[in-house]
Structure formats: C-alpha cells, structure tokens
Amino acid sequence: MRLESNTFRSWSYNVVIISLLCDSNALLKFKNIKCTCYEKSFCELKRCELKVLGRGSIGLYLHAQTHQLPIKSTTCIISLYRRFNGYRPFLYNITVDICSFLKNRKHHPFLDILYDGIRNFTNVNHSCPFNHDIIVNRMVLNDNMIAKVPVPNGFYKLMFVVKTDGILRGEVEVHVEVNLGYDR
Ligand SMILES: *[C@@H]1O[C@H](CO)[C@@H](O)[C@H](O)[C@H]1NC(C)=O
Ligand SMILES: *[C@@H]1O[C@H](CO)[C@@H](O)[C@H](O)[C@H]1NC(C)=O
Ligand SMILES: *[C@@H]1O[C@H](CO)[C@@H](O)[C@H](O)[C@H]1NC(C)=O
C-alpha cells in the first residue's frame, strides 16, 4: 500500500514537471501553419511560421508582401475542419466580405471571435483600403478564446482562402490543438 502511494506520488510529480516544461496545460495550441500565394504578381510570402517563444508558448508569424495596392475589396472563405480520419468540415464555413466586416463586425460572430484573437498582432486592424503588406507578428493563443467557441478536444484546421476581384489569391491554413484536460 505504502509502496503504491509512493509510486503514485513520484508519477504525479513527473507529470507536473513535464507539463511545466512543455506548457501542456495551455488549452489551445498552434501546431502548424501553411501559407500559399498563388500569383507572385499579386503577393509574395516573406514569412509564414510558428516559433517557440519562452515557456513553450508558440508565436505565429505571417508576412505577405502585396504587389497590387491598394486593396479596396477582398473576400475570404473561412472554414473549420476537425481531424477524424483525415480533416472533415466542422461547424463553420463562411464567406465574408472583409471590408464590410471591418466596418460592422456584428454580422459574423465566428469571424468576430477570430478577429478578437488576432487584432492585437496584425496591421489588418483598420478599415479598408489596405495600402500595405499583410503582417501578423508573434500572435499567441489565449485560453479565454476557447470559452467563446465551445468545441470538443481534438485537432482542428482553420482555412482562410483569400480572393480579390473574384480571383483566388492565396490560402492560409492553421492547425490548432484543443485540449481542455477533460472531455466535453
Ligand atoms: C465552403 O463554402 C464554399 C462557398 O460556398 C464552398 O466553395 C466550399 O466548398 C465549402 N467548403 C467546405 C469545407 O464545405
Ligand atoms: C488586446 O489588447 C487589449 C488592450 O491592450 C487587451 O485588453 C486585450 O486583452 C488584448 N487581446 C488579446 C487577445 O491579447
Ligand atoms: C494597428 O497596427 C499597427 C502595427 O502593428 C499599429 O502601429 C497601430 O497602432 C494599430 N492601430 C490600431 C487602431 O490598433
């Protein structure tokens, strides 16, 4: 009995140390990012990566140089996938006119939640037109975001497909793990 309880204690001690090292108690974690610019004459990727910051926290960096400025109108198709024998569409698939969204955010509650998470880290933080490159700098996920999107634990993929003048310009794919530490 005594032995068992000691074994358990040392096991839980190890778990605590490991989770401090890996920060695995973060509820939301970036796992991967992939960006594509379809037309070099329109955009070029200077940066598209995740980087481990201090304490296992992960920062997202994106810099898309844009060659046809200003951008006065752009459409974005945003879809969520959940991994289940490959990635399957899950809950959200919206097509949004970004300029009208930035004018009135109430019409797209899902994008509004995403935008709240990203706005402090991007220069896409004002209304149209855009006269500059598109940059996301050192974006980190915030555990509070999970309260607003009540999804079960799992691996998710968020796809952003960007069009201007009806032409496909680029795609950004972000993989995120949700792990609440319990099922819901
Ligand atoms: C999302 O909607 C767009 C536009 O209606 C459609 O082209 C696309 O196939 C849909 N994607 C998914 C994953 O259902
Ligand atoms: C963004 O910045 C504001 C003001 O500093 C802060 O109140 C808010 O919590 C920040 N949001 C995120 C997601 O970091
Ligand atoms: C938008 O982002 C830029 C660059 O990060 C920053 O200098 C500016 O103050 C931000 N503007 C607003 C309205 O938050």
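This is a predicted model: local features need pLDDT of at least 70, side-chain atom pairs count only at pLDDT 80 or more; totals for chains, interfaces and linings use all residues.
Two strands count as paired here if DSSP finds at least two bridges between them. β7 and β8 make up a hairpin with two residues between them, and Asp165 in the turn takes a positive phi of about 50 degrees. As for burial, nine of the 12 residues of β8 (residues 167-178) are buried, so the strand is largely enclosed by the rest of the structure.

Next come the cysteines. A search of the whole structure turns up three disulfides, and with the bonded cysteines numbered in sequence order, the pairing reads 1-4, 2-3, 5-6. Cys35 and Cys48 are joined with their sulfur atoms 2.0 Å apart, and this link is right-handed, with 80 degrees about the S-S bond. Cys35 belongs to strand β1 and Cys48 to strand β2 (residues 43-52), so the bond ties together parts that are 13 residues apart in sequence. Cys35 is buried at 17% relative accessible area, because the cut-off for buried is under 20%; Cys48, at 24%, is partly exposed.

Cys37 and Cys43 form another disulfide, with 2.3 Å between the sulfur atoms. The torsion about its S-S bond is about -130 degrees, so this one is left-handed. Cys37 is partly exposed at 23% relative accessible area, whereas Cys43 is buried at 6%.

In the disulfide of Cys99 and Cys128, the sulfur atoms lie 1.9 Å apart. A torsion of about -90 degrees makes this disulfide left-handed. The pair links distant parts of the chain, 29 residues apart: Cys99 is in helix α2 (residues 98-103), and Cys128 is in the loop between α3 (109-118) and β6 (134-139). Cys99 is buried at 9% relative accessibility, while Cys128 is partly exposed at 22%.

That leaves the ligands. Ligand 1 has Tyr81, Pro89 and Asn93 around it, and one of its oxygen atoms is 2.4 Å from an N or O atom in the side chain of Asn93. On its own ligand 1 has 360 Å² of accessible area, of which the protein covers 42%. Around ligand 2 are Asp116, Asn120 and Asn142. An oxygen atom of ligand 2 comes to 2.3 Å from an N or O atom in the Asn120 side chain. Taken alone, ligand 2 exposes 370 Å², and the protein buries 35% of that.

Definitions and conventions. Residues are numbered from 1 along each chain as its sequence is written. Chains are lettered from A and ligands numbered from 1 in the order in which they are written. Side-chain values use heavy atoms; hydrogens and water are left out. Buried means under 20% relative accessible area, exposed over 50%, partly exposed in between (1.4 Å probe, protein chains only). Helices (H or I, at least four residues) and strands (E, at least two) are DSSP runs, numbered from the N terminus. A residue is near a molecule or strand if one of its heavy atoms lies within 4 Å of it. A polar contact is a pair of N or O atoms within 3.5 Å; within protein, one must be able to donate a hydrogen and the other to accept it, and residues adjacent in sequence count only if both atoms are side-chain atoms. Accessible areas come from the Shrake-Rupley method with a 1.4 Å probe; for residues, only the protein chains shown count as cover. A disulfide is a pair of cysteine sulfur atoms within 2.5 Å.
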